[in-house]
There are 2 protein chains.
Amino acid sequence: MYTIGEISKMFNLPIPTLRYYDKEGLLLELERDKSGIRKFNNQNIETLRLIECLKKSGMQIKDIKEFIGWCSLGDKTISKRKEMFLKQKENIENQIKELEKALAMIEFKCWYYEEAEKDGNEKRVKSITPNGLPENIKKLYENAH
Amino acid sequence: MYTIGEISKMFNLPIPTLRYYDKEGLLLELERDKSGIRKFNNQNIETLRLIECLKKSGMQIKDIKEFIGWCSLGDKTISKRKEMFLKQKENIENQIKELEKALAMIEFKCWYYEEAEKDGNEKRVKSITPNGLPENIKKLYENAH
DNA sequence: TCTTGACATAAAGTTAGCTTTAGGTATTAA
DNA sequence: TTAATACCTAAAGCTAACTTTATGTCAAGA
């Protein structure tokens, strides 16, 4: 069993944030001692790991809360939970794809400014890429349907 | 030359958002016609593509604004701009790594709930992974130093 | 006994990034 | 000529996810 201070260090999360998660219903099974002090067990730690993961993947607190609620309703919510994770898997895969597109643009910009730095100005490198971006990168950023 | 409505459709961004970017100083070179109506040129479109990319990679408006400011100061800010992109490249690479960790967890959960769904309950699959998570996934989420 | 440190609560405050509202102008179509 | 449409501004409002503040309890050490 751990105190909130220990968990705070373990997860590198401020104490008020942990209390906030508790208040929002993300830590349903959290016990208290006789004087009201929170006692975190291994279950709660697992839950926090999952919360961190879902937050990192862009899920909102209220949706995480909904999921936690399903968990406490037992076997009849298993399919819902599975669907939720399948959807979240897709979300993450899309986010990774988007970040890879952004990375291509940023890498081009790194190259561009390295050349410009060598020359002391942007003249030459600007003339090599007259429309601002090379075609392959431009295509990644075209939104027209 | 394009109107704000055309750009809104082109980028799939609400008109007020584009005006907000302009107000915040992200579109320094944006011209107006004699009656004050914004006229977007190809330069502005390039800038918007870059803004979208930087936003997607998690950069804040105020930092994007700072970068745009550097651009208008000419050659003496080339190194600064290069450094900015190098840092941003690292940021994106880290974000991708974090998302890949999250993905590993989510994929485990997908597997877990598929098994549970087959069985109609979590009993068996819980007994296969008694500590909540398999070791390899757990390790990804350990924050202790 | 007194003070220190770690815990507790409720409620107000903060920040980013929009979004909405209210009111006005200018051009075109009927 | 009127009505619709697309633009404009300033300012207020909104939401999520904390964070801070003010106040209080409790157990252990000097």
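How far is a phosphate oxygen of DNA strand C from an N or O atom in the side chain of Thr17(B)? I found 3.1 Å for this pair, in a predicted model where local features need pLDDT of at least 70, side-chain atom pairs count only at pLDDT 80 or more, and totals for chains, interfaces and linings use all residues. I kept in mind that residues are numbered from 1 along each chain as its sequence is written, that chains are lettered from A and ligands numbered from 1 in the order in which they are written, and that side-chain values use heavy atoms, with hydrogens and water left out.

**Chains A and B.** I turned next to the protein interface, where 50 residues of chain B are in contact (heavy atoms within 4.5 Å) with 50 residues of chain A. I noted eight salt bridges between the two chains, a salt bridge being a side-chain nitrogen of Lys or Arg within 4 Å of a carboxyl oxygen of Asp or Glu. One of them joins Glu122(B) to Arg81(A), with the closest N and O atoms 3.0 Å apart.

Technical notes
A polar contact is a pair of N or O atoms within 3.5 Å; within protein, one must be able to donate a hydrogen and the other to accept it, and residues adjacent in sequence count only if both atoms are side-chain atoms.
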